[in-house]
Amino acid sequence: MPRFNVYKHPDVTRPLLALADYVKNSGLEQSLIELVLMRASQLNGCAYCLDMHSKDARAAGETEQRLYVLQAWREAPFYSPRERAALAWCEAVTRLDPIHGVPDDVHEQARAEFSEAELIDLNMAVILINSWNRIAIPSRADVGSYQPAKH
């Protein structure tokens, strides 16, 4: 049973929905965004967001194989260098080392694949999903009810 529903308070969600719209229209590949949203949600243990973004990713054409293996993306051969850089960035920003923040090698890998503007957009996607995770988990959002928009 959900503890609370933030959607009953539109002033609370308006900034996050605006950020979601920005990220969606940023120019980053939708498939890359969905992988990042999934990976951060895996790290945070957010069942609601994993359910949502796995459905959105599949509806947008993502393969089951890539979704199933996402947690072990470093060992899998079917993620591009750009996706790998995004996933490494996502993990580093989500876990933020308390002493060193995002390691230089992760930044260098990301800068090899993303322009400065794209890296800022990627960072905003990671901030967005971490924020939603921190709403869905304590609210005990109703997992399984989400249905993706028709494409």
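**Close-ups of rings, cysteines and a buried glutamate**

Two aromatic pairs turn up in this predicted model, where a pair means Phe, Tyr or Trp rings (for Trp, the six-membered one) with centres within 6.5 Å. Local features here need pLDDT of at least 70 and side-chain atom pairs count only at pLDDT 80 or more, while totals for chains, interfaces and linings use all residues. Residues are numbered from 1 along each chain as its sequence is written, and side-chain values use heavy atoms, with hydrogens and water left out.

**View A. Tyr 7 and Trp 132 form a stacked pair.** Their ring centres sit 6.1 Å apart with the planes at 20°, so the pair gets the stacked label (planes under 30 degrees apart; over 60 is edge-to-face, and the rest are tilted). This pair ties together distant parts of the chain, 125 residues apart: Tyr 7 comes in the segment before helix H1 (10-24), and Trp 132 belongs to helix H7 (residues 116-139). Helices here are DSSP runs of H or I with at least four residues, numbered from the N terminus. Trp 132 is buried at 13% relative accessible area, whereas Tyr 7 is partly exposed at 47%. (Buried is under 20%, exposed over 50% and partly exposed in between, using a 1.4 Å probe and protein chains only.)

**View B. Phe 78 and Tyr 79 make a tilted pair.** Here the ring centres are 5.4 Å apart and the planes meet at 50°, so this one counts as tilted. Tyr 79 is buried, with 4% relative accessible area, but Phe 78 is partly exposed at 26%.

**View C. Glu 83 is a buried residue of helix H5 (residues 81-95).** Its relative accessible area is 11%. The Glu 83 side chain makes a 2.7 Å polar contact with the side chain of Arg 66; a polar contact is an N or O pair within 3.5 Å, and within protein one atom must be able to donate a hydrogen and the other to accept it, with sequence-adjacent residues counting only if both are side-chain atoms. Setting aside neighbours within four places in sequence, Glu 83 touches Ser 31, Leu 32, Leu 35, Arg 66 and Phe 78 (contact means heavy atoms within 4.5 Å).

**View D. No disulfides show up anywhere in the structure.** A disulfide needs two cysteine sulfur atoms within 2.5 Å. For Cys 46, the closest cysteine sulfur is that of Cys 49, 3.4 Å away and so too far for a bond. Cys 90 is in no disulfide either, with its nearest cysteine sulfur, in Cys 49, 12 Å off. Cys 46 is buried at 1%, and Cys 90 is buried at 0%.

Technical notes
Helix = DSSP H or I, 4+ residues; strand = E, 2+ residues; numbered from the N terminus.
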